[in-house]
Structures are given as structure tokens and as C-alpha cells.
Amino acid sequence: MRLKILLVLTLFSASLLAQRKPIKNLPSINPVEVGFSLDSLNKLDDLIDNFKQRDYRALIVIKDNKLAIEYYYNSFWRNHIHDIRSAGKSITSLLLGVAIQEGYIENLDQDVYSFFSKDKYPSINEDYKKVKLIHLLNMVSGLDADSDNYNTPGNAGHWIAKDEWVHYLLSIPLAKKPETEWVYADINAVLIGAIIEEKTGMSLNDFAKQYVFDPLEIKEFYWYTNASNQTGGAGNLYISALDFAKLGYLILNQGKWGNEQVANSDYVNRLINENSNAIGDYNPLADGYGMLLYKSKRKFGTKELEYLWASGNGGNHLVIVPEKNMVIAMTSGAYGNWFPHQRAYLILGKVIQALEKNE
């Protein structure tokens with residue numbers, strides 16, 4: 001149980017206590033003070049602690065601009081970084097809003113071709129004149145790429161191991177007209193990262209550090225970057241559960257951290273509200289998709305809520321519930337399975353119902 005963990009923590013001195021130091025712009029609070037039922041939370045804690053699979057790592061909840069829940073399991077602590085897999089796509093989307101805020105990119109109607117020089121990238125396909133940023137963000141680019149089909153030339157299996165992949169990616173043709181079909185493809189997020197890199201002259205990793213991670217005091221992280229200093233914007237970002245939650249809070253707070261406007265507020269509003277049902281039945285836990293985020297409307301207890309969420313293999317979820325002014329981050333290492341996503345949905349429901357009991 002979490003109480004056992006806290007008792008163990010008291011046996012350690014400065015090293016672990018230092019992990020619990022206050023967080024700038026994110027004060028901690030007793031969850032009861034922001035409306036949670038302590039009895040319900042204790043039952044949830046027991047439920048997680050007794051999962052047969054020992055791969056669940058953390059549950060973080062930010063409510064009403066305060067850190068309300070910070071639970072860790074199975075030897076994971078506050079400073080441990082963890083691979084959130086494809087949830088990193090949503091962080092890449094957030095970084096595009098930062099690039100707009102900093103003036104590197106104008107708007108989402110710009111076509112991909114316009115960001116790359118033909119002299120530098122002679123293999124760039126003319127089809128990219130038809131593909132806009134918004135098409136990449138909504139997974140409707142029409143490119144001949146499908147994460148679930150290795151036979152498509154844009155599938156990550158053909159380029160992820162390369163020391164330089166942008167030249168190859170820019171040669172991928174259209175398979176269909178943009179906006180005609182939703183297809184989950186890593187290439188979309190990686191191209192967004194490549195555009196940020198091309199415009200800033202920095203790797204996406206370094207851009208994130210300077211403009212987001214440093215202001216949010218995210219110090220421990222790793223983001224896979226190839227030998228040509230190109231970062232994999234489709235995933236493979238290792239970050240702590242708490243810092244994962246901070247990034248969600250940046251979205252919830254309209255791109256603002258403290259007094260600093262980190263991401264463009266108009267962009268973040270669109271990130272929250274963009275929603276297309278073109279996703280179909282690809283993910284049974286989602287109703288729509290937009291800006292590299294899933295969108296859902298579900299009933300928990302007696303109330304129906306709309307929320308947006310990032311999802312990564314293994315059960316890594318970042319959930320933003322604007323109506324409740326709440327962010328929920330969950331990390332798990334159950335890679336290659338479907339059950340951790342169902343489990344995350346179960347925990348999400350328990351968190352919301354623990355809040356509802358006191359409303």
C-alpha cells in the first residue's frame with residue numbers, strides 16, 4: 001500500500017526527502033481539500049497495490065492548479081524516468097504550439113513542402129505541397145504510411161534505425177488525398193518534429209529542453225535522437241510521471257506556466273477542442289482524435305465528461321479533464337499488451353468517482 005511506501009520513506013534521510021521538495025508553480029495539497037473522498041482514494045490505492053501484474057508505476061493527479069495525488073508503486077519514485085512510448089506524440093504536438101509562440105511557425109495551414117529547401121532535400125516529394133500541418137496533427141495526411149502495416153514505405157520499420165531519416169521521410173508519396181482517411185502513422189509526428197528542427201536549427205530534444213523542460217524544471221529526461229541530431233517525435237521520450245503530469249497541466253492551463261506563456265494560447269485552445277470522428281473504431285476507448293490527442297466523452301458514476309488524452313504502449317496515459325480542472329498521469333510498463341489501457345480507463349473512472357462523492 002501507499003502508506004507502507006511512506007513508512008519506508010521515513011527510514012531514508014536526505015536523499016529521498018529531497019525528491020519531495022516543493023515544485024515551483026505547482027503547490028501540493030491534501031486531496032480532500034480539492035474535493036476527493038479519502039476513503040475512495042484509499043480503496044483505489046489498495047486496488048492498484050494488489051494488481052497481479054507488478055508493472056504499474058505511478059498515478060499523479062493535478063486538481064485546481066495543485067498537486068493532489070502522487071502515488072508510486074513497485075519501486076518507482078518521483079525522479080525515476082520512464083518510456084511513455086507513443087504518448088510522446090502528444091508532447092510533440094504541444095511543442096509545435098511552443099514553436100508558434102516563439103515565432104518559428106506561422107499557422108497550421110502551412111504545407112510541409114514549404115518548410116524544406118529543395119536544394120537541401122532534393123528527394124522531397126511534390127506531394128508534400130498538398131499536406132498541411134493540420135493534416136499531420138490529425139493523422140489524415142494521406143501519406144503512404146501505416147504503423148500497423150510494414151508494407152507501407154512510411155512505416156517506421158523502414159527508417160527508425162537510420163542515422164538520418166528526414167531525407168527518406170520527405171520522399172514518401174501520398175497514398176490518398178489528405179483528409180480522406182484517418183490512419184495511425186508515426187511519420188506524422190516525426191515530420192512535425194523535423195519541421196521544428198528545420199526552423200529552429202535545434203534537435204527537438206534541445207528545443208524541448210530550452211523552451212519547455214527548463215521553465216517547468218524538468219531536469220531528468222531522455223528523448224531518442226539519432227546520429228544526425230534528429231529526435232524521434234513519435235515517442236520514446238523517457239520522463240518522470242510527475243513531469244508527464246506537468247506537461248498535461250501546461251495544456252490545461254492554456255499553455256501558461258506561472259507567469260510565462262510557454263505555448264501559444266490559441267494553439268492550445270485548438271489542441272483541446274479539435275475533434276474528428278474520422279478515427280472510427282481504431283481505439284474503443286476513444287470517440288475522436290485531433291492534434292495528436294485522443295478525444296472521449298464517457299459517463300463515470302452519474303456524470304458524463306469530455307476529456308482528451310495521450311496514450312502510449314504499456315498503459316501510459318495523460319488525461320486532461322477541462323471541466324474538472326484536472327490532469328491525470330499514469331505510467332505503466334506493460335508493453336505489448338492491451339490490458340494496461342483498459343486498466344488505465346478503470347483507474348480514470350475511480351479517480352473521477354472519488355471526486356464525485358464529495359461534489
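Student: Is Lys43 buried or exposed?
Tutor: Lys43 is exposed, with a relative accessible area of 55%. Here buried means under 20% relative accessible area, exposed over 50%, and partly exposed in between, using a 1.4 Å probe and protein chains only. Please note that this is a predicted model, in which local features need pLDDT of at least 70 and side-chain atom pairs count only at pLDDT 80 or more, while totals for chains, interfaces and linings use all residues. Residues are numbered from 1 along each chain as its sequence is written, and side-chain values use heavy atoms, with hydrogens and water left out.

Student: Which residue forms a salt bridge with Lys43?
Tutor: The partner is Asp39, and the closest N and O atoms are 3.4 Å apart. A salt bridge is a side-chain nitrogen of Lys or Arg within 4 Å of a carboxyl oxygen of Asp or Glu. Asp39 is partly exposed, at 45% relative accessible area.

Student: How many salt bridges does the structure hold?
Tutor: There are 15 salt bridges. One of them joins Asp214 and Lys209, at 3.2 Å from N to O. Both ends are partly exposed: Asp214 has a relative accessible area of 40%, and Lys209 has 37%. Salt bridges with shared partners also link Lys297, Glu304 and Glu306 into one network.

Student: Changing topic, what about strand E10: how many of its residues are buried?
Tutor: E10 covers residues 303-312, and seven of its 10 residues are buried.

Student: Which strands does E10 pair with?
Tutor: Strand E9 (residues 293-300) runs antiparallel to E10, joined by seven bridges. E10 also pairs with strand E11 (residues 316-321) in the antiparallel sense, over five bridges. Two strands pair if DSSP finds at least two bridges between them.

Student: Which residues stand opposite each other?
Tutor: Among them, Lys299 stands opposite Glu304 in E10, and Leu308 has Ile320 in E11 as its bridge partner.

Student: And what is in the turns?
Tutor: The hairpin of E9 and E10 has two residues between the strands, and Gly301 takes a positive phi near 70°. The hairpin of E10 and E11 has three residues between them, with Gly314 in the turn at a positive phi of about 100°.

Definitions and conventions. Helix = DSSP H or I, 4+ residues; strand = E, 2+ residues; numbered from the N terminus.
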